[in-house]
Amino acid sequence: MENSPELDLINQFEYDLQEILGIKVYFSCEKSNLKFSLKEIENILQLIPPEHRSFIPRIYLVTYFDKNSETKGRHLASLSYVIVYPNAFTELEEVLIHEIGHVLWDRKLSPSERVQFYETLLQEVPATLRIEDELKRHVFVLENFANCYMFFLCKIFDSQKYPLIYKFILSLF
Ligand SMILES: [Zn+2]
């Protein structure tokens, strides 16, 4: 296991482990900060197709807050673990699906599919190209993918405004 400060932090706490729809879900034993239940998590995971779920090794429902208190979720890039923070409870579905979107970008999409998404984004969101800093533009693309995946599954995707992106996301199912 590699060095990751976030992983060290995770491992300072204890968890109840349950397998939900094929995903190992680590639910913090200490629950005083947590305002959601495992049933809610399960209901959200039901929205994700089984093939997509198979790319998600673990979800951690942690009891501590991120040092940036705004952060509601994240994923550990190399391990693809999804982390949900206590303050995600107001938009649990959006946060969890968004983070799963990030993992799918890393693990499911082929290099050519990533290029395809980027090109589609350029066509329908020309502002993408105006981000001159390459790293920022890359992050913008990643965040947009995760959001598009979430918009699609939460049935709030504006397919009239972004027909090509919609078609691309649809092709992943
Ligand atoms: Zn994100």
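What you have open is a predicted model: local features need pLDDT of at least 70, side-chain atom pairs count only at pLDDT 80 or more, and totals for chains, interfaces and linings use all residues. Residues are numbered from 1 along each chain as its sequence is written.

**Zoom out**

Along its principal axes it spans about 45 × 35 × 30 Å.

Of the 173 residues, 28% count as buried. A residue is buried if 20 or more other C-beta atoms lie within 10 Å of its own, exposed if 12 or fewer, and partly exposed in between, with C-beta atoms placed from the backbone. Contacts, for their part, are pairs of residues whose C-beta atoms, placed from the backbone, lie within 7 Å. Among contacts between residues at least 6 apart in sequence, 56% join residues at least 24 apart.

**Colour by domain**

Select 5-107 as domain 1 and 111-170 as domain 2; these bounds come from an automatic or database domain assignment. The C-alpha centres of the two domains lie 23 Å apart. Their contact takes nine residues from domain 1 and eight residues from domain 2. On the domain 1 side you'll find four nonpolar, three polar and two charged residues. In this scheme, Ala, Val, Leu, Ile, Met, Phe, Trp, Tyr, Cys and Pro are nonpolar, Asp, Glu, Lys and Arg are charged, and the others, Gly among them, are polar.

**Into the core**

Next, select Ile 59, Leu 61, Val 82, Val 84, Ile 100 and Tyr 149: they have the most contacts inside the largest nonpolar core, which has 39 residues. Such a core is a set of buried Ala, Val, Leu, Ile, Met, Phe, Trp, Tyr and Cys residues joined through C-beta atoms within 7 Å. Elements that each supply at least two residues of this core include β3 (58-61), β5 (81-84), α4 (92-107) and α6 (134-153). The largest share, eight residues, comes from α6. Domain 1 and domain 2 each give the core at least three residues.

**Along α6**

Stay with α6. It has 20 residues and reaches 29 Å from its first C-alpha to its last, close to the 28 Å expected at 1.5 Å a residue; that expected span is 1.5 Å times one less than the number of residues. Among its buried residues are Phe 145, Cys 148, Tyr 149 and Phe 152. The buried residues of α6 pack against α4, α5 and α7.

Which residues does Tyr 149 touch, not counting those up to four places away in sequence? Pick out Ile 97, Gly 101, Leu 104 and Ile 169. Then step just past the end of α6 to Lys 155, which takes a positive phi of about 60°.

**Two loop stops**

Most residues other than glycine have a negative phi. Leu 21 has a positive phi of about 50° although it is not a glycine. Look for Leu 21 in the loop between β1 (15-20) and β2; it is partly exposed, with 14 other C-beta atoms within 10 Å.

Ser 80 also has a positive phi, near 65°. Ser 80 lies in the loop between β4 (73-76) and β5, and is partly exposed with 18 other C-beta atoms within 10 Å.

**Last picks**

Leu 38 lies in helix α2. Leaving aside neighbours within four places in sequence, Leu 38 is in contact with Gln 18 and Phe 27. Why does Leu 38 count as partly exposed? Because it has 13 C-beta neighbours inside 10 Å.

Finish in the loop between α5 and α6, where you'll find Glu 132. Glu 132 counts as exposed, with 7 C-beta neighbours inside 10 Å. Draw a distance from Glu 132 to Leu 153: they are 21 residues apart in sequence and 31 Å apart in space, C-alpha to C-alpha. The loop between α5 and α6 also holds Val 125, which counts as partly exposed with 16 C-beta neighbours inside 10 Å.

Definitions and conventions: Helices (H or I, at least four residues) and strands (E, at least two) are DSSP runs, numbered from the N terminus. Two residues are in contact if their C-beta atoms, placed from the backbone, lie within 7 Å.
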